[in-house]
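Please read these notes with the model open beside you. They go point by point.

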Amino acid sequence: MSKEKGRETLSVSKAAASAILCNHYDYLIVGSGLYGLTFAREMTDHGKTCLVIDKRPDPGGNVFCEMVDGITVHRYGAHIFHTNNKTVWDYVCRFAKFLPYTHKVIAKNGNGIYSLPFNMYTFYQMWGVDSPEEAKKKISEQSSCAGLIKNLEDQAISLVGYDVYEKLVKYYTQKQWGKSCKDLPASIIKRIPLRFEYDDRYFTDRYQGIPDGGYNALVENMLSGIPIITRISYQQLIKKYPNIAKRIVYTGPIDEFFHYELGKLEYRSLRFETFLLNQPDFQGYSVVNYCDAETPFTRIIEHKHFTDVKAKKTVITYEYPEAWKPGKDAYYPINDNHNSSLYQQYLELAAKRPEVIFGGRLGAYKYYNMDEAVAAAIEAASKERKENS
Ligand code: FAD
């Protein structure tokens with residue numbers, strides 16, 4: 001593993017990669033995100049040999065960070081570790097020191113600045129009401145006009161009322177999904193948390209933090225003693241080395257594994273634009289959501305606020321939701337009826353390949369938070385040891 005100036009890399013050289021490929025492994029782990037890393041760590045600690053590969057240049061999946069002018073930049077979007085699962089918290093704390101961080105988000109629409117998630121600060125900013133009774137009354141007056149629920153718009157108005165929907169939900173959601181809320185199914189929003197108290201913590205989980213030194217420190221420690229090759233896809237590797245491992249853990253898209261033979265699953269993608277600014281502070285907050293129709297991006301992330309870095313410059317990232325097509329990074333599975341049924345059909349194909357374990361957010365076609373990805377991998381590794389050791 002080497003470190004380049006201004007940017008950390010955990011990649012190995014070509015010569016080291018050739019030596020790694022001469023061996024035979026118990027497990028080939030495809031994808032070095034938190035699912036793949038946890039599985040590899042667990043099996044290695046139980047005496048199995050694992051090789052991890054990733055098609056991206058750097059390990060870590062979506063939690064990979066870059067160092068820009070002394071500021072840790074979350075390359076694939078803001079990542080805040082939060083969980084109520086003590087086992088998972090203790091597990092990740094074995095590999096990194098977590099700095100305390102309580103995530104808060106503000107939302108902008110026109111000249112208005114609002115607190116998220118919806119709480120008494122938001123209701124005061126929206127209507128000037130300062131008691132839970134008044135806020136509840138406002139919402140109930142507006143939500144009762146929703147009528148029959150045919151789509152996401154009706155559903156959201158029935159949950160939060162017209163004003164909150166119009167100013168804070170409607171355009172943000174439309175930008176996120178690339179569709180009008182009238183054309184989105186009501187099922188996307190089952191519930192919208194409303195807090196009738198002055199509590200503006202974005203996550204209320206018991207454990208929350210950001211690794212000291214960024215997620216790369218966590219990734220590097222999880223990988224300790226485990227060979228990894230980056231910039232190589234499963235499809236390239238397996239053509240040349242079909243017998244490299246007895247079993248495979250696949251955390252890439254399940255439909256891609258089967259060459260899309262049943263059709264393509266759909267995702268939403270994101271585009272990130274990052275800038276180093278010659279000023280100490282840009283927005284005074286780590287994440288600001290843009291909830292109006294005119295602004296094309298959904299949020300701006302200012303990375304130094306995650307760990308309170310004192311630097312003369314600052315780094316910001318604009319996040320633009322985008323349509324996905326093969327070749328682009330797939331971020332959010334679209335779990336509607338069509339895709340859920342297609343995923344079930346892929347699971348039937350997967351049952352005919354018992355040597356392959358599909359996992360992680362792309363293999364399981366499921367939005368996982370980081371703690372859920374770690375928990376799922378710990379469970380899969382434990383099941384694997386019982387059934388196949
Ligand atoms: P990934 O991290 O996506 O890793 C999969 C890896 O597999 C990738 O590196 C990919 O390159 C590799 N791969 C895929 N196909 C192949 C192939 N064919 N060959 C070789 N390699 C392959 N969670 C939180 O808990 N808190 C947050 O604040 C948070 N913020 C998020 C913000 C954004 C914008 C997004 C998209 C997600 C966020 N998440 C957050 C979720 C978090 O990113 C996931 O929980 C985590 O990434 C899951 O890890 P994974 O291993 O399943 O997948």
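1. The model is predicted, so local features need pLDDT of at least 70 and side-chain atom pairs count only at pLDDT 80 or more, while totals for chains, interfaces and linings use all residues. Residues are numbered from 1 along each chain as its sequence is written, and side-chain values use heavy atoms, with hydrogens and water left out.

2. One lies 3.0 Å from a polar backbone atom of Tyr35, and an oxygen is 2.9 Å from a polar backbone atom of Asn62. For Arg361, an N or O atom of the side chain is 2.8 Å from a ligand oxygen. Of the 990 Å² of accessible area that the ligand has on its own, the protein covers 97% (Shrake-Rupley method, 1.4 Å probe).

3. The axes of helix 3 (residues 86-93) and helix 14 (residues 370-388) come within 10 Å and cross at roughly 95 degrees. Axes are lines fitted to C-alpha atoms over the stretch in contact, with angles from 0 to 180 degrees between N-to-C directions. Helices are DSSP runs (H or I) of at least four residues, and strands (E) of at least two, numbered from the N terminus. The two helices are therefore roughly perpendicular (65 to 115 degrees).

4. Which residues of helix 3 and helix 14 make the contact (heavy atoms within 4.5 Å)? They are Val88, Tyr91 and Val92 of helix 3, and Asp371, Val374, Ala375 and Ile378 of helix 14.

5. The peptide bond from Leu116 to Pro117 is cis, with omega near -15 degrees. Tyr260, a residue other than glycine, has a positive phi, near 55 degrees.

Note on methods
Angles under 35 degrees count as roughly parallel, over 145 as roughly antiparallel, 65 to 115 as roughly perpendicular and the rest as oblique. Contact means heavy atoms within 4.5 Å. A polar contact is a pair of N or O atoms within 3.5 Å; within protein, one must be able to donate a hydrogen and the other to accept it, and residues adjacent in sequence count only if both atoms are side-chain atoms.
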